[in-house]
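Subject: Structure handover

Hello,

Here is the structure I said I would pass on. My notes follow below it.

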Amino acid sequence: MKRIYVPADSTALAMGADEVAEAIAAEARRRGLDIQIVRNGSRGLYWLEPLIEVDSASGRLGYGNVGDVDVASLFDVGFHDGGAHEKSLGLIEEIPYLKNQQRLTFARCGKIDPLSTADFIAEGGLVGWKRALEIGPKATVEEVLASGLRGRGGAGFPTGIKWRTVAGASGDQKYVVCNADEGDSGTFADQMLLEGDPFTLIEGMAIAAFAVGATKGYVYIRSEYPHAYSVFRAAIERARAAGWLGADALGSGVAFDLEARLGAGAYICGEETSLLESLEGKRGQVRPKPPLPALQGLFGKPTVINNLLSFAAAPWILAHGAKAYADFGMGRSRGTQPFQLAGDIARGGLVELALGVTIRQLIEDFGGGTRTGRPIRAVQVGGPLGAYFPEKLLDTELDYEKMAALKGMLGHGGLVVFNDSVDLAAQARFAFEFCAKESCGKCTPCRIGSTRGVETVDKIIAGRNPEANLALVRDLCETMTDGSLCALGGLTPLPVLSALDHFPEDFRNRAVARAAE
Amino acid sequence: MMRRAAWDAEEARSLIAARRDEPGAMLPILHDLLDRYGYIDDEAIPLIAAALNVSKAETLGVVSFYHDFRRRPVEGALMKLCRAESCQAAGCEDLVAHLRDRHGLGVDTHERGPITIETIYCLGHCAVSPTAILDGKHYARLTREKLDALVAQAKGSAQ
């Protein structure tokens with residue numbers, strides 16, 4: 001039976017993948033053809049979605065941007081046997097965008113049926129977990145430490161040190177908690193993995209749980225990702241049925257079980273302590289640290305709380321060894337980062353590469369520049385709390401230290417491209433506005449400062465006393481940076497100050513410009 | 001449009017009871033009620049408080065903290081338009097202006113009508129911005145024309 005792969009990834013669905021799958025099923029019925037439609041995840045070549053694939057002797061063949069209207073003509077040319085069509089992309093793994101990546105964490109994504117345990121195992125799943133069980137908890141922690149893996153959520157804290165702290169903490173109950181509250185605009189890696197290869201996350205969390213002695217895990221998924229939530233819950237059921245979860249997880253003799261929980265539309269719950277509060281059923285208000293979540297985390301128990309991408313890197317590290325992972329990357333930034341290309345971009349999607357690639361390589365070589373064809377003016381790196389980089393800094397290498405040196409951050413690896421129509425004063429205003437809307441309210445600089453920031457930028461935009469108000473904004477940013485407990489209030493100044501520093505012309509002489517119009 | 005059940009205190013009581021013993025049951029309970037009724041009824045607050053042995057003030061504090069837990073049902077169709085950075089870069093504010101100028105529809109107006117349009121920050125389809133949800137279905141690479149079709153569809157389903 002011919003297999004036809006039509007992604008059920010939610011971005012592919014937003015591009016019309018369900019309609020294509022239905023049209024293929026109907027057309028095959030009409031023609032009396034016996035086909036099987038596999039709903040895979042996305043390859044991350046999102047600009048080509050719906051991207052359907054068929055098997056061939058030399059590998060999988062792709063057909064991009066397929067609409068339901070194309071289906072009859074695809075059958076006419078025998079696409080299910082690899083027939084050529086104007087939508088043909090050839091061998092999917094030879095497409096430079098995919099071929100030139102270093103897919104470690106996302107190696108299986110798009111290839112397999114996300115809920116097939118057999119597919120997962122056939123493509124190298126469980127190897128890392130089994131190795132962890134062989135070498136024992138202590139050596140597992142050392143392996144992750146030696147890999148140089150750092151928190152992929154934005155803070156960049158060494159994952160192995162976190163695990164070692166929890167492993168060394170005493171407690172009758174320990175937890176592993178996955179932060180899948182991927183709220184940063186321009187990021188979608190968590191969603192893609194949850195929907196395209198959920199067992200990898202389960203394996204990564206199981207490895208962490210084994211390493212630190214935790215028996216229960218929670219995955220906190222944002223409510224804006226309902227599809228990811230339902231796919232992941234189904235994956236948990238399958239994993240349980242396969243004996244991977246439960247009282248004797250994977251035959252290890254150790255218990256481990258998982259539960260998926262849904263957020264409720266609060267951006268702040270991507271902050272780890274706020275997420276823990278939310279899981280406990282409270283307002284998502286930030287906790288002061290110390291105590292560290294590693295010692296007193298969920299329900300007051302020692303807790304590993306990691307970003308989804310950090311957990312998802314663990315299976316590869318255990319399977320291939322710390323050195324193999326650390327061989328990727330530069331400086332103190334080891335391994336790969338799933339970068340995500342967004343905004344005004346011709347070829348938006350996920351690009352997993354070793355840390356150290358430049359912004360320009362990503363958005364020009366992979367992304368193909370802007371979709372509108374207008375010149376690039378700014379690239380925001382690392383989400384709403386990341387800096388806006390001007391054209392002259394696009395050759396900056398993406399690693400934790402280089403970003404910090406330029407008063408930016410890597411964040412969750414999202415890059416949002418803006419063309420020359422962008423007004424950076426409006427973007428700075430938005431950074432404050434977003435902070436005001438999403439502040440948990442605990443710290444005054446964040447709660448009140450963000451609103452004062454919006455007002456002050458409004459005055460600058462209106463041309464009222466711009467020099468004094470610009471100085472005021474900088475002063476306010478300093479207060480927010482120094483006086484906020486968490487990254488929301490503390491990092492909102494990054495986009496604001498980068499806009500001021502790199503694009504001062506958007507803030508000055510607004511009144512003059514307005515009068516001239 | 002999504003059909004939701006009318007508020008039913010007795011049924012809600014059993015929905016709440018089904019989860020009350022889970023650790024950190026508050027959000028799962030609120031999500032169950034939201035799924036069932038489309039909003040969190042005022043009468044639910046004391047029911048949840050009693051079941052979880054917390055104060056009504058604490059319960060209300062949680063409900064009001066999260067954007068999802070709306071306090072009134074939505075009449076008609078519900079559209080959520082992403083207005084975060086990636087969609088800004090791809091022209092979502094032009095779509096907001098188009099909704100206003102062409103269709104007389106405001107965003108976040110909290111007015112009742114056949115279509116309610118709200119801002120959402122990020123649906124994770126940023127590679128193919130701008131994006132929106134209409135009654136639970138996601139749409140990417142929106143244009144004015146696609147939006148016109150969605151508005152027509154929403155008006156049709158609301159009748």
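In chain A, the C-alpha centres of domain 1 and domain 4 are 47 Å apart. The model is predicted, so please read every value here as computed from predicted coordinates. The division of chain A is into domain 1 (2-99), domain 2 (117-326), domain 3 (329-419) and domain 4 (424-516).

Chain A, the parallel sheet

An open sheet in chain A is built from four strands in the order β8-β7-β6-β9, with parallel pairing. Its edges are β8 (257-262) and β9 (303-307) of chain A; each has a single partner strand, so one side of each has no neighbour in the sheet. From one strand to the next the twist averages 20°. Strands β6 (residues 175-180) and β7 (residues 216-221) of chain A run parallel and are joined by six bridges. Within that pair, A:V177 stands opposite A:Y218 of β7(A).

Helix α12 (residues 272-279) of chain A lies across β6, β7, β8 and β9 of chain A, and runs at about 110° to β6(A). The loop between α12 and β9 of chain A contains A:P290. The peptide bond between A:K289 and A:P290 is cis, with omega about 0°.

Strand β12 (residues 336-343) of chain A runs antiparallel to β13(A), and six bridges join them. A hairpin of five residues connects β12(A) to β13(A). A:T336 has A:A354 in β13(A) as its bridge partner. How many residues of strand β13 (residues 349-354) of chain A are buried? Six of the six are, so the strand is largely enclosed by the rest of the structure.

Helix α9 (residues 189-196) of chain A is mostly covered, with eight of its eight residues buried. Among the buried residues of α9(A) are A:D190, A:Q191 and A:E195, along with A:M192, A:L193 and A:L194.

Chain A, positive phi

Two residues are worth a look if you check backbone torsions. A:L126 is not a glycine, yet its phi is positive at about 75°. It sits in the loop between α5 (117-122) and α6 (127-135) of chain A. Is A:L126 buried or exposed? A:L126 has 20 other C-beta atoms within 10 Å, and therefore counts as buried, since the cut-off for buried is 20 or more.

A:N465, also a residue other than glycine, has a positive phi near 50°. Its place is the loop between α19 (449-461) and α20 (466-483) of chain A. With 14 other C-beta atoms within 10 Å, A:N465 is partly exposed.

Chain B

Chain B has seven helices and four strands, arranged along the sequence as α-α-α-α-β-α-α-β-β-β-α. Its C-alpha atoms fill a box of roughly 50 × 35 × 20 Å along the principal axes. Chain B has 159 residues, of which 42% count as buried. Among contacts in chain B with a separation of 6 or more, 63% are between residues 24 or more positions apart.

The four strands make an open sheet of mixed pairing, in the order β2-β1-β3-β4 (chain B). Here the edge strands are β2 (115-120) and β4 (137-139) of chain B; each has a single partner strand, so one side of each is left without a neighbour in the sheet. Neighbouring strands of this sheet are turned by 20° against each other on average, direction ignored. Strand β1 (residues 77-82) of chain B pairs with strand β3 (residues 132-134) of chain B in the antiparallel sense, over three bridges. B:L81 stands opposite B:A132 in β3(B).

Chain B also has a cis peptide bond, from B:S129 to B:P130, with omega near -5°. B:P130 is in the loop between β2 and β3 of chain B.

The contact between the chains

The contact takes 43 residues from chain A and 33 residues from chain B. On the chain B side, the elements that give two or more residues are α2 (26-37), α4 (56-65), α5 (85-89) and β4 of chain B. Of these, α2(B) gives the most, with four residues. By type, the chain B side divides into 21 nonpolar, ten polar and two charged residues.

Regards

Technical notes. Residues numbered from 1 in each chain as written. Chains lettered and ligands numbered in written order. Predicted model: local features only at pLDDT ≥ 70, side-chain atom pairs only at ≥ 80, totals over all residues. Buried ≥ 20, exposed ≤ 12 C-beta atoms within 10 Å, placed from the backbone. Contact = placed C-beta atoms within 7 Å. Pairing = 2+ DSSP bridges. Axes fitted to C-alpha atoms, helices over the stretch in contact; angles between N-to-C directions. Nonpolar A, V, L, I, M, F, W, Y, C, P; charged D, E, K, R; others polar. Domains from an automatic or database assignment.
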